[in-house]
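This briefing walks through one protein structure, topic by topic, for a reader who is new to looking at such models. Please keep the sequence and the 3D view open while reading.

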Amino acid sequence: NSDAGSYVCTVMSGSLSVMSNTATLTVYGQPVILDHPTGSDVPIGRNITLTCRATGLGTLVYSWERRSSGSSWSTVSNDNTTSYTTDTRLAIGEYMYRCRVRNEAGSVVSNSATVNVYGRPSIKTHPMSHLITVGMSVTLNCEGTGGRLI
């Protein structure tokens, strides 16, 4: 801000003057998020590390928040770090994460990052064995469930 700087007060009386000690004015603005966390798909039992980076004057303090379907945002880490590693015990589902950064002027939150935890795939229907003669065609069917089927 253009008002930031050093200031002194001068008091004059006739030809005499006296100057005060210097006062420094620091103008803080809220932090600005530079790098927002990015979500991903992750299999159950694994984790992902999210990162967030901000700039601003004063001491920047980081915390991490999570929201799952049907719930409100709750703090999951006050470790004051620019990264957060998700818990490996998360159930299958969709989770939203964001970082909150604060300084003396206030706080801001990052864009949210979606982490989709998916289950292990399994075979629902196994292919059946067939006996065919040369030149015949056959269709082998297989059906899977869970996970991210490809």
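This is a predicted model: local features need pLDDT of at least 70, side-chain atom pairs count only at pLDDT 80 or more; totals for chains, interfaces and linings use all residues.

Asparagine 80 is placed in the loop between strand 10 (74-77) and strand 11 (83-85), and its phi is near 55 degrees, which is a positive value in a residue other than glycine. Most residues other than glycine have a negative phi.

**Backbone features**

- With a relative accessible area of 39%, asparagine 80 is partly exposed, because values between 20% and 50% fall in that class.
- Strand 2 (residues 10-13) pairs with strand 3 (residues 16-19) in the antiparallel sense, and the pairing runs over 4 bridges.
- Within this pairing, valine 11 has valine 18 in strand 3 as its bridge partner.
- The hairpin made by strand 2 and strand 3 has 2 residues between the strands, and in this hairpin glycine 14 takes a positive phi near 65 degrees.
- Leucine 34 lies in strand 5 (residues 32-35), and at 40% relative accessibility leucine 34 counts as partly exposed.
- Although leucine 34 and methionine 12 are 22 residues apart along the chain, their C-alpha atoms are separated by 48 Å.

**Cysteines**

- The model has 1 disulfide, formed by cysteine 52 and cysteine 99, whose sulfur atoms are 1.9 Å apart.
- Cysteine 9 counts as partly exposed at 41% relative accessibility, whereas cysteine 142, at 51%, counts as exposed.

**The nonpolar core**

- The largest nonpolar core has 18 residues, and those that touch the most other members are Ile33, Cys52, Tyr97, Val101 and Val115.
- Two or more residues of this core come from each of strand 9 (61-68), strand 12 and strand 14 (113-118), and strand 12 gives the most, with 4 residues.
- In soluble globular proteins, nonpolar side chains tend to be buried together.

**Salt bridges**

- The count of salt bridges in the model comes to 5.
- One of them joins the side chains of glutamate 65 and arginine 98, with a distance of 2.6 Å from N to O, and this pair links distant parts of the chain, because glutamate 65 is in strand 9 and arginine 98 is in strand 12, 33 residues apart.
- Glutamate 65 and arginine 98 are both buried.
- Another salt bridge is formed by arginine 89 with aspartate 87, where the closest N and O atoms are 2.9 Å apart.
- In that pair arginine 89 is exposed, with a relative accessible area of 71%, while aspartate 87 counts as partly exposed at 26% relative accessibility.
- The side chains of lysine 124 and glutamate 143 also meet in a salt bridge, at 3.8 Å from N to O, and since lysine 124 lies in strand 15 and glutamate 143 in strand 16, the pair ties together parts that are 19 residues apart in sequence.
- Lysine 124 is exposed, with a relative accessible area of 56%, and glutamate 143 is partly exposed, with a relative accessible area of 37%.
- Side chains of opposite charge can pair when their charged atoms come close.

- Ile132, Met136, Val138 and Leu140 together make a nonpolar surface patch of about 360 Å².
- Isoleucine 132, a member of this patch, is found in the loop between strand 15 (122-125) and strand 16 (143-145).
- With a relative accessible area of 36%, isoleucine 132 is partly exposed.

Technical notes
Residues are numbered from 1 along each chain as its sequence is written. Side-chain values use heavy atoms; hydrogens and water are left out. Two strands pair if DSSP finds at least two bridges between them. A disulfide is a pair of cysteine sulfur atoms within 2.5 Å. Buried means under 20% relative accessible area, exposed over 50%, partly exposed in between (1.4 Å probe, protein chains only). Patches are made of residues with over 30% relative accessible area and no salt bridge: like charges are joined within 9 Å, nonpolar side chains (Val, Leu, Ile, Met, Phe, Trp, Tyr) within 5 Å. Accessible areas come from the Shrake-Rupley method with a 1.4 Å probe; for residues, only the protein chains shown count as cover. A salt bridge is a side-chain nitrogen of Lys or Arg within 4 Å of a carboxyl oxygen of Asp or Glu. A nonpolar core is a set of buried Ala, Val, Leu, Ile, Met, Phe, Trp, Tyr and Cys residues joined through side-chain atoms within 4.5 Å.
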